[in-house]
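Biologist: Please walk me through reading a few features of a model. Start wherever you like.

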Amino acid sequence: MLLSGEHEKALKGAEARTTNNRMELMAAIMALRALKRPCRVALWTDSEYLRRGITEWIHGWIKRDWKTASRKPVKNAELWRDLHEQTRRHRIEWHWVKGHSGHPGNERADALANEAIDEMQANA
């Protein structure tokens with residue numbers, strides 16, 4: 001969900017046979033892609049994997065040619081690369097919020113995700 005002043009744009013999507021982590025990455029990628037010009041962004045997520053990955057871990061992964069500290073390939077590397085590319089266009093503040101804690105934006109995002117899953121299953 002994108003908010004700018006009084007404007008809101010709801011984005012949603014679902015994929016069969018995927019992981020929560022991949023969908024968290026895709027949500028951030030698609031939200032940033034939807035912005036038409038470079039922006040100042042406050043991005044809220046209930047995923048520490050996403051927030052810590054893009055603000056902390058990614059620097060080491062890039063230095064190690066997309067390998068973890070234990071020299072294993074980074075999971076979801078293609079999505080991390082895409083997200084990293086999207087972040088270069090914007091000034092982003094990454095925020096974490098506890099999931100299912102009543103945070104309005106997080107509750108709205110969960111509702112959109114569930115709608116997308118329901119639509120995908122109905123069309124299967």
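Modeller: Take H100 to begin with: its relative accessibility is 66%, so H100 counts as exposed. The cut-offs are under 20% relative accessible area for buried, over 50% for exposed, and partly exposed in between, with a 1.4 Å probe and protein chains only. This is a predicted model, in which local features need pLDDT of at least 70, side-chain atom pairs count only at pLDDT 80 or more, and totals for chains, interfaces and linings use all residues. Residues are numbered from 1 along each chain as its sequence is written, and side-chain values use heavy atoms, with hydrogens and water left out.

Biologist: Where is H100 found?

Modeller: H100 sits in the loop between β4 (91–96) and α4. Helices (H or I, at least four residues) and strands (E, at least two) are DSSP runs, numbered from the N terminus.

Biologist: How do I read the backbone angle phi there?

Modeller: Most residues other than glycine have a negative phi. H100 is not a glycine, yet its phi is positive, about 55°. R71 is another non-glycine residue with a positive phi, about 65°. R71 is placed in the loop between α2 (48–63) and α3, and with 54% relative accessibility R71 counts as exposed.

Biologist: How do I read the packing of two helices?

Modeller: Two packed helices are described by the angle between their axes and the distance between the axes. Here α2 and α3 pack at about 95°, with 11 Å between their axes. That makes α2 roughly perpendicular to α3. Axes are lines fitted to C-alpha atoms, for helices over the stretch in contact, and angles run from 0 to 180 degrees between N-to-C directions; 65 to 115 degrees counts as roughly perpendicular.

Biologist: Which residues in α2 and α3 meet?

Modeller: From α2 they are Y49, L50, G53, I54, I58, W61 and I62, and from α3 they are W80, L83, H84 and T87. By class, this contact has eight nonpolar, three polar and no charged residues. Ala, Val, Leu, Ile, Met, Phe, Trp, Tyr, Cys and Pro count as nonpolar, Asp, Glu, Lys and Arg as charged, and the others, Gly among them, as polar.

Biologist: Is H84 buried or exposed?

Modeller: H84 is buried, at a relative accessible area of 19%. H84 lies in helix α3 (residues 77–87). Leaving aside neighbours within four places in sequence, H84 is in contact (heavy atoms within 4.5 Å) with I54, I58 and I62.

Technical notes:
Parallel < 35°, antiparallel > 145°, perpendicular 65-115°, else oblique.
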